Amino acid sequence: MNETLKRIAVLTSGGDSPGMNAAVRAVVRSSMFYGLECFVVYQGYQGLIDGNFEKFTARSVNNIINKGGTILRSARSLEFRTPEGRKKAFANLQNNQIDALVVIGGDGSFTGAMIFQEEFKFPVIGIPGTIDNDIFGTQYTLGYDTAINTVVEVIDKIRDTASSHNRLFFVEVMGRDAGHIALNSGIGAGAEEILIPEENRGLEQLLESLKNSEKSGKSSSIVVVAEGDKTGKNVFELASYVEQNLPYYEVRVSVLGHMQRGGAPSCFDRVLASRMGVHAVESLKSGKSNVMVGVMNDQMQLTPLEKAIKGKSEINQNLLRVTDILSI
Ligand code: ATP
């Protein structure tokens, strides 16, 4: 037990994701529940450096569980990457008599948290908030479920217009290094092909599959492409490559972009955020630090930040097989 723990601070950092607010609410309210004080820090690590703190109560987080983005705002802080910046951050935490910090963010934010913890022996705990689902030590990150539901909804609409005109659509979704969004939303939306960074099956296979789709009498085809796919062509180049090789296709491209990050969190993300927030505070109370809260097989678990940052979150290979079977 950490008997000296009296005051916790919480911040959101890096890219925003739906569910961050629900996690802030959970950290604030579980702090109150356990008789701790809770401060929020605005604008991520930059707010730590600038002393942008506010004391919250249980009522400060009314009606935020349903809101997308982050009410604490986020920032990419260059200053926090420097020892001088981190010294200022530490001084501000000390001045506000804060004993531990909860960081809601992605692997960059966790790298900052780990370095900070090592330099000042300051207790930190991470909550994975990123739509990419690319963090080792948790089956789900906050915002991922909302994002794939957003993508499926949009692809459903694209499908309506695609089938009315007998078109082939390439839909680019987020995922520079990880194909979770593409793979799961692609299956959910009944995509004919899914291109992800983890597996490059080559352009010949893509053409073959699209030829088969045409032969089998499909009225539309959708190819979901993760930003970081390894075909060596961007989504527009892919579209013209297919048009050149399969001239009977009328090809269109849709790049979904930032809309994938926005919107109200799904029920799944709200529940996940609530569980992670409670578990983060309880873990700090029991003396844990330098770890990330995650969920595995529906059980909360802690992973050292270093492992969470360096480990690789693997895609489920079985999902690729499912796509192949179902896209005949
Ligand atoms: P996302 O996955 O959405 O990009 P992220 O948490 O990985 O989220 P980053 O911009 O990589 O986002 O990191 C957020 C912040 O964490 C940075 O702006 C910086 O302040 C801090 N940070 C990242 N890497 C380091 C580092 N090596 N040293 C110190 N601070 C860092």
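The model on screen is predicted, with local features needing pLDDT of at least 70 and side-chain atom pairs counting only at pLDDT 80 or more, while totals for chains, interfaces and linings use all residues. Residues are numbered from 1 along each chain as its sequence is written, and side-chain values use heavy atoms, with hydrogens and water left out.

**The largest pocket**

Stay with this pocket, which holds about 1,100 Å³ of space, the volume being the space filled by probe spheres set on grid points that are joined across faces, edges and corners. On a 1 Å grid over the protein atoms alone, a pocket is an open set of points with protein on both sides within 12 Å along at least five of seven lines, a cavity is a set where a 1.4 Å probe fits but cannot get out, and lining residues have an atom within 4 Å of a point. Of the 42 residues that line the largest pocket, Gly15, Arg76, Gly106, Asp107 and Gly108 lie nearest its centre. Two or more lining residues come from each of H4, strand E6 (167–173) and helix H10 (305–310), and H4 gives the most, with six residues; helices (H or I, at least four residues) and strands (E, at least two) are DSSP runs, numbered from the N terminus.

**The ligand**

Now select the ligand, which sits in the largest pocket, in the sense that more than half of its atoms lie within 2 Å of the pocket's grid points. Around the ligand there are 17 residues, of which Arg76, Ser77, Gly106, Gly108 and Ser109 come nearest, a residue being near if one of its heavy atoms lies within 4 Å. Helix H4 (residues 107–120) gives the most to this shell, with six residues, and by class the shell has three nonpolar, 10 polar and four charged residues.

Which side chain has an N or O atom 2.5 Å from an oxygen atom of the ligand? Show Ser109, whose side chain has that atom, and then Asp107, where an N or O atom of the side chain is 3.1 Å from an oxygen atom of the ligand. Next comes Arg81, with a side-chain N or O atom 3.3 Å from a nitrogen atom of the ligand. Taken alone the ligand exposes 620 Å², of which the protein buries 83%, with areas from the Shrake-Rupley method and a 1.4 Å probe.

**Two loops**

Finish at Asn290, in the loop between helix H9 (267–285) and strand E10 (291–296), where phi is near 65°, a positive value in a residue other than glycine. Asn297, in the loop between E10 and strand E11 (299–304), has a positive phi of about 50° although it is not a glycine. Most residues other than glycine have a negative phi.

Definitions and conventions:
A polar contact is a pair of N or O atoms within 3.5 Å; within protein, one must be able to donate a hydrogen and the other to accept it, and residues adjacent in sequence count only if both atoms are side-chain atoms. Ala, Val, Leu, Ile, Met, Phe, Trp, Tyr, Cys and Pro count as nonpolar, Asp, Glu, Lys and Arg as charged, and the others, Gly among them, as polar.
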